[in-house]
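Below is a briefing on one protein chain, grouped by topic. Please read it alongside the sequence and the coordinates.

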Amino acid sequence: ILRFFPEAQARTLPDRRAVLEALATVPERELTEHLFLEAAAAPPPTAALADISQYSDLPDLRMGRILERLEAFKAERPELFDEAQRQPARFLNTADCDIRVEAFTPNRLELRVNNRVRGYVYYNDGWSRYWRAYDRGQAAPLQVANYNFKAVLLEPGEHRLEFVFDPWPYRLCLGLYYGAWLLAIVAIGWLLAKPGAGPRPG
């Protein structure tokens with residue numbers, strides 16, 4: 001779910017369709033050795049796997065075929081999957097980079113990264129325009145990677161890298177919702193406390 005790719009292992013393709021074609025046609029082993037980026041200047045608002053249904057002329061992208069390829073790769077390299085389950089940290093640290101997870105929640109990931117070559121920290125978690133990346137507290141450009149995920153390019157050195165999910169429209173709506181409830185409670189309290197608001201003697 002988290003990996004460093006040296007810049008030489010990243011392939012920038014012209015658009016989303018080219019990325020899908022590459023993911024559908026390259027050998028399984030190459031998928032573990034390369035990162036596929038989109039050259040488009042403006043990333044999509046969202047990138048959902050359901051979007052692949054529009055590419056009916058790419059039969060390798062049918063869900064059944066994707067699962068077949070995964071099972072075939074697992075059968076070919078069972079030791080890789082066993083090792084990933086027993087020692088996941090082994091796959092975070094390579095000759096080119098050391099990664100340490102400092103904190104994790106569904107909306108935030110904080111990493112310590114020490115990379116010896118220029119390259120990408122790849123976070124295999126769904127893309128959204130509300131994800132942000134920060135390197136040492138400064139905003140860092142976030143790129144769509146492998147069609148539906150994200151990556152950040154880092155120069156060699158030590159980094160405190162954060163991925164933060166900040167859906168401000170949701171927070172705004174939540175604030176308005178609770179604000180409306182508060183106003184309603186205040187209004188009801190004011191009406192009940194108003195002189196003459198109680199029942200009149202008959």
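Gly157 is placed in strand S11, where helices (H or I, at least four residues) and strands (E, at least two) are DSSP runs numbered from the N terminus. The model is predicted: local features need pLDDT of at least 70, side-chain atom pairs count only at pLDDT 80 or more, and totals for chains, interfaces and linings use all residues. Residues are numbered from 1 along each chain as its sequence is written, and side-chain values use heavy atoms, with hydrogens and water left out.

**Gly157**

- Gly157 has a relative accessible area of 23% and is therefore partly exposed; buried means under 20% relative accessible area, exposed over 50%, and partly exposed in between (1.4 Å probe, protein chains only).
- Not counting residues up to four places away in sequence, Gly157 touches Val113, Asn114 and Asn115, a contact being heavy atoms within 4.5 Å.
- Cys97 is 60 residues from Gly157 in sequence, and the two C-alpha atoms are 9.4 Å apart in space.

**Chain overview**

- Five helices and 11 strands make up the secondary structure elements of the chain.
- The chain has 202 residues, of which 32% count as buried.
- Of the contacts between residues at least 6 apart in sequence, 66% join residues at least 24 apart.

**Strand pairing around S5**

- S4 and S5 run antiparallel and are joined by eight bridges; two strands pair if DSSP finds at least two bridges between them.
- Two residues separate S4 from S5 in the hairpin that they form.
- S5 also pairs with S11, in the antiparallel sense and over eight bridges.
- Leu111 of S5 is the bridge partner of Val101, and the bridge partner of Leu111 in S11 is Leu161.
- In a regular strand the side chains alternate between the two faces of the sheet.

**Nonpolar core**

- The largest nonpolar core holds 20 residues, and Leu111, Val121 and Phe163 have the most contacts inside it. Such a core is a set of buried Ala, Val, Leu, Ile, Met, Phe, Trp, Tyr and Cys residues joined through side-chain atoms within 4.5 Å.
- Two or more residues of this core come from each of strand S1 (2-6), strand S4 (97-105), strand S5 (108-115), strand S6 (119-123), strand S7 (131-135), strand S10 (149-154) and strand S11 (157-165).
- S5 gives the largest share of this core, three residues.
- Leaving aside neighbours within four places in sequence, Phe163 is in contact with residues including Leu111, Val121, Tyr123, Trp131, Leu142 and Val152. The contacts of Phe163 also include Asn107, Arg108, Arg132 and Lys150.

**Salt bridges**

- Side chains of opposite charge can pair when their charged atoms come close.
- The count comes to 11 salt bridges, a salt bridge being a side-chain nitrogen of Lys or Arg within 4 Å of a carboxyl oxygen of Asp or Glu.
- Arg118 forms a salt bridge with Glu7, and their closest N and O atoms are 2.5 Å apart. Arg118 lies in the loop between S5 and S6 and Glu7 in the loop between S1 and strand S2 (10-13), so this pair ties together parts that are 111 residues apart in sequence.
- Both partners are partly exposed: Arg118 has a relative accessible area of 30%, and Glu7 has 32% relative accessibility.
- In the salt bridge of Glu102 with Arg100, the closest N and O atoms are 2.6 Å apart. Glu102 is partly exposed at 35% relative accessibility, whereas Arg100 is exposed at 52%.
- Glu110 pairs with Arg108 in a salt bridge whose closest N and O atoms are 2.4 Å apart. Glu110 is buried, at 13% relative accessible area, while Arg108 is partly exposed at 28%.

**Nonpolar surface patch**

- Tyr177, Tyr178, Trp181 and Ile185 make a nonpolar surface patch of about 500 Å². Patches are made of residues with over 30% relative accessible area and no salt bridge; like charges are joined within 9 Å, and nonpolar side chains (Val, Leu, Ile, Met, Phe, Trp, Tyr) within 5 Å.
- Tyr177 belongs to helix H5 (residues 168-193), and Tyr177 is partly exposed at a relative accessible area of 45%.

Notes:
Accessible areas come from the Shrake-Rupley method with a 1.4 Å probe; for residues, only the protein chains shown count as cover.
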